[in-house]
Amino acid sequence: MWIPVAGLPPRLTLSSLVGAGRFCILGAGAATRKPLPARNRRGLSDSAPQLCPDPDFRKSPSRVKSKSTLDFNRYITSRRLAETMAQIIGGKQKRPSHLLLECNPGPGILTQALLEVGAKVVALESNKTFIPHLESLGKNQGRKLRVIHCDFFKMDPKGTGRIRPPAMASEDLFQNLGIEAVPWKEGIPLKVIGTFPIRSERKILWKLIHNLYSCTSIYKYGRIELNVLIYEKEFQKLMADPRNPDLYHVLSVLWQVACKIKVLHKELLEPSQEKLYFVQITPCRNLFTENLTPMSYQVFIHMVKHCFGKRKWLLIDHLRSLTPLDANDILMQIGKKKEEKVTNLYPQDFKRLFETIQSSKEYAHKWLYDDRLEGRYND
């Protein structure tokens, strides 16, 4: 079902990848065989590992010295899963009404399924090896498919230097596609579909949430909806609240305040028995208020980081460190007791707390700032 791939050499042929439901681990210029237990060698399901390395991989000059430097991508190769995702995106009308940006489609199994339900797709592929094949999928589809050499997850990189492909500026991409910004409280301008790269879910979630709250990068154009596959462990952290204290953390609060998160489909990987969640993440129309704005969001994030930095503290102790305002008065306004622990607050409680402090007329300066928290939890 998945193909983690890094630095595919030119000798790679697509026929070695697109076998339905195969799973390969292809290093940068090298393939490693991992023998399966005897009980798993027969009757394998769609998601079971299959070995299909190209012997020539070992001869590729693109080998990387350290595995830690590899940037793996996940590619869907299960036709059944691709069709399920496409049908879900198509909805009751059986045809998606929005333009779809597909992230790193790889061999194009999902791309083809989306085209078959009538979707208009822009395939953003970071690996040039796949581009000719992806372009061939759209030859008989009119203008329903465009293929662009671009890595969605490296959009708008930090720094002021020249952006090198597959990274790209979102402004250039959207201008090239003729997409115009839509006011935040109006409709959804487009949808993104794909999978998060292996080992990078947390960093991507941090980057996207900063972009969302600041209305920059793709969110400069409106409430972009994400439809992504994510592993169960990261999904559980994303959806955690005081009922799951061990999983509850800063990103749980920030994403649940900012978006409506809906599970569209669950997929069981065999033989590992791990679960994948196909999740729809839609920014809330009413996220921004008079007090929580793209200009003040950094203070909100700082407040949440402060609270989770010392999880065992009482809320009143955090308030005394965060603001010169009367902590008892704030607690009374938000309906919380002096004995309340910070981990007992639900995501919307944090938003209410922030807005209560931010709207106060008592002091001109409402916040005490601890710069030691900057960068914390951002990895």
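1. Leu-226 stands opposite Ile-281 of strand E7 in this predicted model. The strands concerned are E5 (residues 225-231) and E7, which pair in the antiparallel sense. Six bridges hold that pairing.

2. Strand E7 also pairs with E6 (residues 259-268). This pairing is antiparallel too, with nine bridges. One of the facing pairs is Leu-268 with Lys-275 in E7. Six residues lie between the strands of this hairpin. Gln-273 has a positive phi there, near 65°.

3. How many of the nine residues of E7 are buried? Eight are, so the strand (residues 275-283) is largely enclosed by the rest of the structure.

4. Now the charged pairs. The whole structure holds nine salt bridges. Glu-116 and Arg-79 form one of them, at 2.3 Å from N to O. Glu-116 sits in helix H2 (residues 109-116) and Arg-79 in helix H1 (residues 79-90), 37 residues apart. Arg-79 is partly exposed, at 26% relative accessible area.

5. Helix H1 also connects to strand E6. Glu-267 and Arg-80 make a salt bridge, with their closest N and O atoms 2.5 Å apart. Because Glu-267 belongs to E6 and Arg-80 to H1, the pair ties together parts 187 residues apart in sequence. Glu-267 is buried, at 5% relative accessible area. Arg-80 is partly exposed, at 39%.

6. Asp-241 and Arg-243 form a further salt bridge, the closest N and O atoms being 2.5 Å apart. Asp-241 is buried, with 4% relative accessible area, whereas Arg-243 is exposed, with 64%. Elsewhere, salt bridges with shared partners join Arg-79, Glu-83 and Glu-116 into one network.

Definitions and conventions
Residues numbered from 1 in each chain as written. Predicted model: local features only at pLDDT ≥ 70, side-chain atom pairs only at ≥ 80, totals over all residues. Heavy atoms only, no water. Buried < 20%, exposed > 50% of the residue type's maximum accessible area, 1.4 Å probe, protein only. Helix = DSSP H or I, 4+ residues; strand = E, 2+ residues; numbered from the N terminus. Pairing = 2+ DSSP bridges. Salt bridge = Lys/Arg side-chain N within 4 Å of Asp/Glu carboxyl O.
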